[in-house]
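Reader: Hey, could you walk me through this one? I'm new to reading structures.

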Amino acid sequence: MAEATLRDLVHGRYLEAAHNIILVGGTGTGKTHLALALGHAAIDQGKRVRWYNVVDLVNYLEQEKIRGQGGRLVKTLQSMDLVILDLC
């Protein structure tokens with residue numbers, strides 16, 4: 001990733017523009033590390049951030065549905081400025 005692109009992401013302009021970021025690469029290339037660093041930068045800017053492992057998130061949503069509490073987590077996610085989904 002180009003240094004200028006990384007600096008732009010750290011400033012969080014993509015959040016204001018409501019753009020998504022997808023990090024693609026092989027195992028061990030630093031995608032999770034970069035995503036977490038961007039999350040921390042967003043928190044430092046006063047943004048509300050949550051991180052989820054995708055498998056755990058799907059399981060949680062299924063359990064929520066079984067308990068008859070479907071939609072609770074969705075409401076929480078809608079209030080976030082940034083949601084990081086990790087497929088690790």
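This is a predicted model: local features need pLDDT of at least 70, side-chain atom pairs count only at pLDDT 80 or more; totals for chains, interfaces and linings use all residues.

Reader: Ok, and which side chain does Asp81 meet in a salt bridge?

Author: Asp81 pairs with Arg48, at 3.2 Å from N to O. Arg48 sits in the loop between H3 and S1, while Asp81 is in the loop between helix H5 (72–78) and S2, so the pair ties together parts that are 33 residues apart in sequence.

Reader: Is Arg48 buried, partly exposed or exposed?

Author: Arg48 is partly exposed, with a relative accessible area of 45%.

Reader: Why would side chains like that pair up at all?

Author: Side chains of opposite charge can pair when their charged atoms come close.

Reader: How many salt bridges are there in the structure?

Author: Four. One of them joins Glu3 and Arg7, with 2.6 Å between N and O. These two are four residues apart in helix H1 (residues 3–11), so about one helical turn separates them. Glu3 is exposed at 52% relative accessible area, and Arg7 counts as exposed at 52% too. Another salt bridge links Arg13 with Asp8, at 2.4 Å from N to O.

Reader: New topic. Which residues make up the largest nonpolar core?

Author: There are ten: Leu9, Tyr14, Leu15, Leu34, Ala35, Leu38, Ala42, Val49, Leu82 and Ile84. Helix H2 (13–16), helix H3 (31–44) and strand S2 (82–86) each give at least two residues to this core. The largest share, four residues, comes from H3.

Reader: What does Leu38 touch?

Author: If you skip residues up to four places away in sequence, Leu38 touches Leu9, Val10, Tyr14, Ile21 and Leu82.

Reader: And what caps the N-terminal end of H4?

Author: That's Asn53, which has a side-chain oxygen 2.9 Å from the backbone nitrogen of Val55. Asn53 itself belongs to strand S1 (residues 49–53).

Reader: So is Asn53 buried or exposed?

Author: Buried, because its relative accessibility is 11% and the cut-off for buried is under 20%. Leaving aside neighbours within four places in sequence, Asn53 is in contact with Asp86 and Cys88.

Reader: How many residues does H4 have, and what follows it?

Author: H4 (residues 54–66) has 13 residues and reaches 18 Å from its first C-alpha to its last, close to the 18 Å expected. H4 is followed by Gly68, which has a positive phi, near 75°.

Notes: Residues are numbered from 1 along each chain as its sequence is written. Side-chain values use heavy atoms; hydrogens and water are left out. The expected span of a helix is 1.5 Å times one less than its number of residues. A polar contact is a pair of N or O atoms within 3.5 Å; within protein, one must be able to donate a hydrogen and the other to accept it, and residues adjacent in sequence count only if both atoms are side-chain atoms. A nonpolar core is a set of buried Ala, Val, Leu, Ile, Met, Phe, Trp, Tyr and Cys residues joined through side-chain atoms within 4.5 Å. Buried means under 20% relative accessible area, exposed over 50%, partly exposed in between (1.4 Å probe, protein chains only). Contact means heavy atoms within 4.5 Å.
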